[in-house]
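Please look through the sequence and the structure shown here. The report that follows takes up selected features one by one.

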Amino acid sequence: MTAMTTPHHQVATATVRMRGVADAVVDASVWSMSSGEAASTLLELTKLEAQVVELRARVARHADELQVGADVGATSTATWLAHQTRMTRSAAAGVVHLGYDLDTHDVIRDALAAGGLRPEQAVVIVRAVKELPADLDPDLVIRAEKHLVDAAAEHDAKTLRILGRRLLEVVAPDLADQHEADLLEKEEAKAAQATRLTMTDDGHGKTHARFTLPTVQAAMLKKMLLAIAAPKHQAATHGPGVERRPGPKRMGRAFAELIERISAKDLPQVGGTDATIVIHIDLDVLTGKLNKAGVLDTGERISPRQVRRLACTARILPVVLNGKSEVLDVGRARRFFTKAQLTALGIRDGGCLADGCDWPPWMCHGHHWTRWADDGNTDLSNGGLLCPRHHARAHDPTYETTHQPDGKVTFHRRC
């Protein structure tokens, strides 16, 4: 840690005195404080914290202007501060940025320095003021700051964020609607770019997911889940006794039920087949004579009980061994493989047959080994699954297709 030199500036000397006062009460017991005194002290400490935050931000801005840390090779004052205090880089940068923000927003700085504004409130107000039109009259900007600072006496940072979105309605009503529309368009564009979904199977029957959605799609999803998790629906399907407010567990179950309710017919087709899950099981498992895991065409394994439950919903297509099946060979009657044939190819091939390719069956195409144009039949014996890339290569005359003994195929460029 950097040792403090002998202080001369009034801020430096005040900081040393404050540290000394704080040191004096490190071991002081608080058990004898009355309820009223504890309450008032807690409020005073909250105000003191705000004052310290403002002072630290002000000094951090000045330190950045002096390029503190440059003499030891730090790339910035924030990097130096993070290293010296063990703060995160982003937290240290936030201190410096707040110092610059408060330097250009006197109303907010004064309120924070007086202890009448919480640090999180100050950050929200600064952000709201920054989002005002750049060409707005400076007097209106100051008026906007005062409006939100006054509102901070009654509202927390979360509510201030909402009020800040409609700030122009107070200071410049004629500009408010257009500004909000422009702001929402920018946010929606950023949200679309930030949309993400990751899913990780833990190998113990659970998949963990994280996602980021635009607000409108998140609102749609929430409304769907609340409809399924609603007490009336839960009572109708599971009986009475369900808690009134849907908690995380019930919302999670509602999400699972929503997925099962989505019809594959409503989704785009991939590789000529719809998004129907295929379960590979023995007939005896389906009828309850044998307990054996079912295998999904996506590779996961599920219990016999789950297999039978899903089979009863008619939303899952079971591929039953030794049972009655559809006609899978249609010869020259049609050019393209049927859905039943593609399902059978998926079970047989397990994905793209190109050696080393890991594309799953539902993303592959049915390929005629002897081209249909060359009198090849649309039969399983003349078909195989290839991903789009390898399917294109199979039809590329510059490549030769070689069938391997294990059923895989390889491609080699012709000489």
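This is a predicted model: local features need pLDDT of at least 70, side-chain atom pairs count only at pLDDT 80 or more; totals for chains, interfaces and linings use all residues.

Residue numbers start from 1 along the chain as its sequence is written.

Start with helix 11, residues 215-229. It has 15 residues. At 1.5 Å a residue, these should span 21 Å. The end C-alpha atoms of helix 11 are 20 Å apart, which agrees. Which residues of helix 11 are buried? They are Leu-221, Leu-225, Ile-228 and Ala-229. Seen down the axis of helix 11, these buried residues fall within an arc of 90°, so they line one face of the helix. The face turned away from that buried side carries exposed residues, Thr-215 and Lys-223.

Helix 13 can be read in the same order. It runs over residues 248-261 and has 14 residues.

**The cavity**

How many cavities of 30 Å³ or more are there? The count comes to 1. The largest cavity has a volume of about 80 Å³. Its lining includes Ala-128, Glu-131 and Leu-132. Also in the lining are Gly-164, Arg-165, Arg-166, Leu-167 and Leu-168. Ala-176, His-179, Glu-180 and Leu-183 line the cavity too. The elements that give two or more residues to this lining are helix 8 (157-165) and helix 10 (173-194). Helix 10 supplies the largest share of the lining, 4 residues.

**Positive phi outside glycine**

Gln-67 is not a glycine, yet its phi is positive, about 60°. Gln-67 lies in the loop between helix 2 (35-65) and helix 3 (77-85). Is Gln-67 buried or exposed? Gln-67 is exposed, with a relative accessible area of 57%.

Arg-86 also has a positive phi, near 65°, and is a residue other than glycine. Arg-86 is found in the loop between helix 3 and helix 4 (89-103). With a relative accessible area of 63%, Arg-86 is exposed. Exposed here means over 50%.

**Rings and charge**

The count of aromatic pairs comes to 0. A ring does take part in another kind of contact. The charged end of Arg-393 sits over the ring of Tyr-399, 4.4 Å from the ring centre.

**Pairs apart in sequence**

| Pair | Separation in sequence | C-alpha to C-alpha distance |
|---|---|---|
| Asp-379 and Phe-337 | 42 residues | 7.8 Å |
| Asp-64 and Gly-99 | 35 residues | 9.5 Å |
| Arg-118 and Ala-153 | 35 residues | 9.7 Å |

Where is Asp-379 placed? Asp-379 is in the loop between strand 7 (365-368) and strand 8 (383-386). Asp-379 has a relative accessible area of 11%. Buried means under 20%, so Asp-379 counts as buried.

Asp-64 belongs to helix 2. At 26% relative accessibility, Asp-64 counts as partly exposed.

Arg-118 is in the loop between helix 5 (106-113) and helix 6 (119-130). Its relative accessibility is 22%, and Arg-118 counts as partly exposed. The C-alpha atom of Arg-118 is separated from that of Ala-153 by 9.7 Å.

Definitions and conventions. Side-chain values use heavy atoms; hydrogens and water are left out. The expected span of a helix is 1.5 Å times one less than its number of residues. Rings of Phe, Tyr and Trp (its six-membered ring) pair if their centres lie within 6.5 Å; planes under 30 degrees apart count as stacked, over 60 as edge-to-face and the rest as tilted. A charge sits over a ring if NZ of Lys or CZ of Arg is within 6 Å of the ring centre and within 35 degrees of the ring normal. On a 1 Å grid over the protein atoms alone, a cavity is a set of points where a 1.4 Å probe fits but cannot get out, and a pocket is an open set with protein on both sides within 12 Å along at least five of seven lines; lining residues have an atom within 4 Å of a point. Grid points are joined across faces, edges and corners, and a volume is the space filled by probe spheres set on the points. Buried means under 20% relative accessible area, exposed over 50%, partly exposed in between (1.4 Å probe, protein chains only). The arc is that of the directions from the helix axis to the C-beta atoms.
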